[in-house]
Amino acid sequence: MPETPSVPEAVRRIGRIHHVAVVVRSLDDALRFWRDVLGLPLEHVADIPSDRVRIAFLPVGESRIELVEPTDATTGVARYLAKHGEGVHHVCFEVPSVAEALTRLAIEGIELIDTAPRRGAEGPVAFLHPRSCHGVLVELIEAPGGPAWAALGYDRHG
Ligand code: ZN
C-alpha cells in the first residue's frame, strides 16, 4: 500500500510491533502454554517492583509476547485482570521519537495517558487511551538511541 502523505513522519515511521502484552494470573501457568506448548523461547523474566508486576518476554519474529503478572491488587493492570480476566492488555509500537509522536497524536485529538515519554523497563514509553484507539490500549516505545533515551537518563545499554 502507498504511504499516506498526510500522516506526519513521526507517526508514519512506526517501526514494528515491539510487543503484545498479555495479562495473566500466574507467569508459571502461562509459560506452560506460551513456552512449552507453542515453543516460544523464554528470553527473560523480570520483577518490576516500581510497576508491581512480574513480566516474561518471549521473542517471536521481530516482536515479543510480554506476559504480565500483577504482584499487587491495587494497580491498574491488577484491576484489569480482576474485571476482564486474562487476555491481551496492550499493543506496543516502536517509534523513532515518542515525544514527537505524542505531539502529532495530540494534534489529531488522540487522548494521551502519558503526555511525555517516561521511563519504561526497556526504553522511553507512553500510553494512548483506548477510548481514542477503538478499544485497544496502545503503548509507544522509542527505538534505541532516540532523543528521550538521554533525556531520561538511560545509559547506552538502557
Ligand atoms: Zn508494554
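Analyst: A helix here is a DSSP run of H or I with at least four residues, and helices are numbered from the N terminus. Arg32 and Asp29 both lie in helix 2. The model is predicted.

User: How many residues apart are Arg32 and Asp29 in helix 2?
Analyst: The side chains of Arg32 and Asp29 meet in a salt bridge, 3.0 Å from N to O. Asp29 is partly exposed, at 45% relative accessible area. The spacing is about one turn of the helix, which is 3 residues.

User: Which residues coordinate the zinc ion?
Analyst: The donor spacing in sequence is H-x70-H-x48-E. The donor atoms are two NE2 and one OE, at 2.0 to 2.1 Å. The residues are His19, His90 and Glu139.

User: How many residues apart are His19 and Glu139?
Analyst: His19 lies in strand 1, and Glu139 lies in strand 8. The pair links distant parts of the chain. Their separation is 120 residues.

User: Is Glu139 buried or exposed?
Analyst: Buried means under 20% relative accessible area. Glu139 has 6%, so Glu139 is buried.

User: Which element supplies the largest share of the lining of the largest pocket?
Analyst: The largest pocket holds about 850 Å³ of space. Of its 36 lining residues, those closest to the centre are Val77, His89, His90, Arg118 and Phe127. By class, the lining has 17 nonpolar, 9 polar and 10 charged residues. The largest share, 6 residues, comes from helix 3.

User: Which residue forms a salt bridge with Arg16?
Analyst: The closest N and O atoms of the pair are 2.9 Å apart. The bridge links strand 1 to strand 5, across 78 residues. The partner is Glu94.

User: How far apart in sequence are the parts that Arg25 and Glu86 tie together?
Analyst: The side chains of Arg25 and Glu86 meet in a salt bridge, 4.0 Å from N to O. Arg25 lies in the loop between strand 1 and helix 2, and Glu86 in the loop between helix 3 and strand 5, so the pair ties together parts separated by 61 residues.

Terms used
Residues are numbered from 1 along each chain as its sequence is written. This is a predicted model: local features need pLDDT of at least 70, side-chain atom pairs count only at pLDDT 80 or more; totals for chains, interfaces and linings use all residues. Side-chain values use heavy atoms; hydrogens and water are left out. Donors are N, O and S atoms within 2.8 Å of the metal (3.2 Å for Na, K and Ca); water is not among the atoms, so sites may look incomplete. Helices (H or I, at least four residues) and strands (E, at least two) are DSSP runs, numbered from the N terminus. Buried means under 20% relative accessible area, exposed over 50%, partly exposed in between (1.4 Å probe, protein chains only). On a 1 Å grid over the protein atoms alone, a cavity is a set of points where a 1.4 Å probe fits but cannot get out, and a pocket is an open set with protein on both sides within 12 Å along at least five of seven lines; lining residues have an atom within 4 Å of a point. Grid points are joined across faces, edges and corners, and a volume is the space filled by probe spheres set on the points. Ala, Val, Leu, Ile, Met, Phe, Trp, Tyr, Cys and Pro count as nonpolar, Asp, Glu, Lys and Arg as charged, and the others, Gly among them, as polar.
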